Amino acid sequence: MKLYTNAHSRGNTLLPLLKELDIENQVEIIQVDYKDLRNAEYLALNPMGKVPFLVDGDSVISETPAIFAYLADKFIEKGFTPALNDPKRGEYLKWLFFCHGPLTEMMDFKSLNVSPELAAQKKGSLSFGSEQLVYDFIKAGLSKANPYLLGDKISVADLFLAYWLVFAISFKIVPYLDEFKPFLKLIQQRDSVKDV
Ligand SMILES: N[C@@H](CCC(=O)N[C@@H](CS)C(=O)NCC(=O)O)C(=O)O
């Protein structure tokens, strides 16, 4: 497999995942300059002109949490995804899609510095509703985490939520709320993130 990424991109969230799955030696990392992303060679692989994306044989998988889910499924024996018939599967998917949908859309929206009045006016048509609703959703999920989102078994939904929040907090897009701390510390203590 080949992972196309950039050292300053969200592709960095995939590096600890490779360690968690113990597949670093199965994935060649290809660093791509942002200025080259619109070259025909890369556009043929990912017409979005963005990184990260993973190439596995004839398949090209873009969209960061899709790569998390794909690798967790491909290496299901590593135990980072609930099986298809596991009743936790629905909540697992909910968290991955929440991260890629409302949470990421809220982050993008915030970086545009839209006025709070306009944001409030458009709340009903924004998929994330409001910044507060996104935080309330995360806080409610984390208040039930035991210690992971799905209970006592970790999944890539925990990893992606934690890595993505840390990424957003480091760029001051999301505040480091007290309610996030125990969960983020739990994930940050893992060996996979210590030297990334
Ligand atoms: N929806 C994509 C977004 C990917 C994305 O925005 N990548 C940025 C880096 S974090 C990028 O490639 N930027 C370079 C550019 O657009 O020129 C995902 O979740 O993976």
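I will begin with the domains, move to the interface, and end with the backbone.

A word on conventions before that: this is a predicted model, in which local features need pLDDT of at least 70 and side-chain atom pairs count only at pLDDT 80 or more, while totals for chains, interfaces and linings use all residues. Residues are numbered from 1 along each chain as its sequence is written, and side-chain values use heavy atoms, with hydrogens and water left out.

The domain assignment, which is an automatic or database one, gives domain 1 as residues 2-78 and domain 2 as residues 89-191, and the centres of the two, taken over C-alpha atoms, are 22 Å apart. Counting contact as heavy atoms within 4.5 Å, 13 residues from domain 1 and 12 residues from domain 2 take part.

Turning to the interface, the buried area, meaning the accessible area (1.4 Å probe) that the two parts lose on being put together, summed over both, is about 1,200 Å², and carbon and sulfur atoms give 69% of it. On the domain 1 side, Arg-10, Glu-20 and Pro-65 lose the most area to domain 2, together 42% of what that side buries.

Two salt bridges are counted between the domains, the criterion being a side-chain nitrogen of Lys or Arg within 4 Å of a carboxyl oxygen of Asp or Glu. Asp-73 pairs with Arg-89 in a salt bridge whose closest N and O atoms are 3.7 Å apart. As for secondary structure, where helices are DSSP runs (H or I, at least four residues) numbered from the N terminus, α1 (14-20) and α3 (64-74) each supply at least two residues of the domain 1 side that touches domain 2, and α3 gives the most, with six residues.

Finally, the backbone: most residues other than glycine have a negative phi, and most peptide bonds are trans. Here, however, the peptide bond from Val-51 to Pro-52 is cis, with omega near 5°, and Asn-146 and Pro-147 are also joined by a cis peptide bond, with omega about -10°. Pro-147 sits in the loop between α6 (131-144) and α7 (156-170). Asn-113, in the loop between α4 (89-111) and α5 (116-121), has a positive phi, near 55°.
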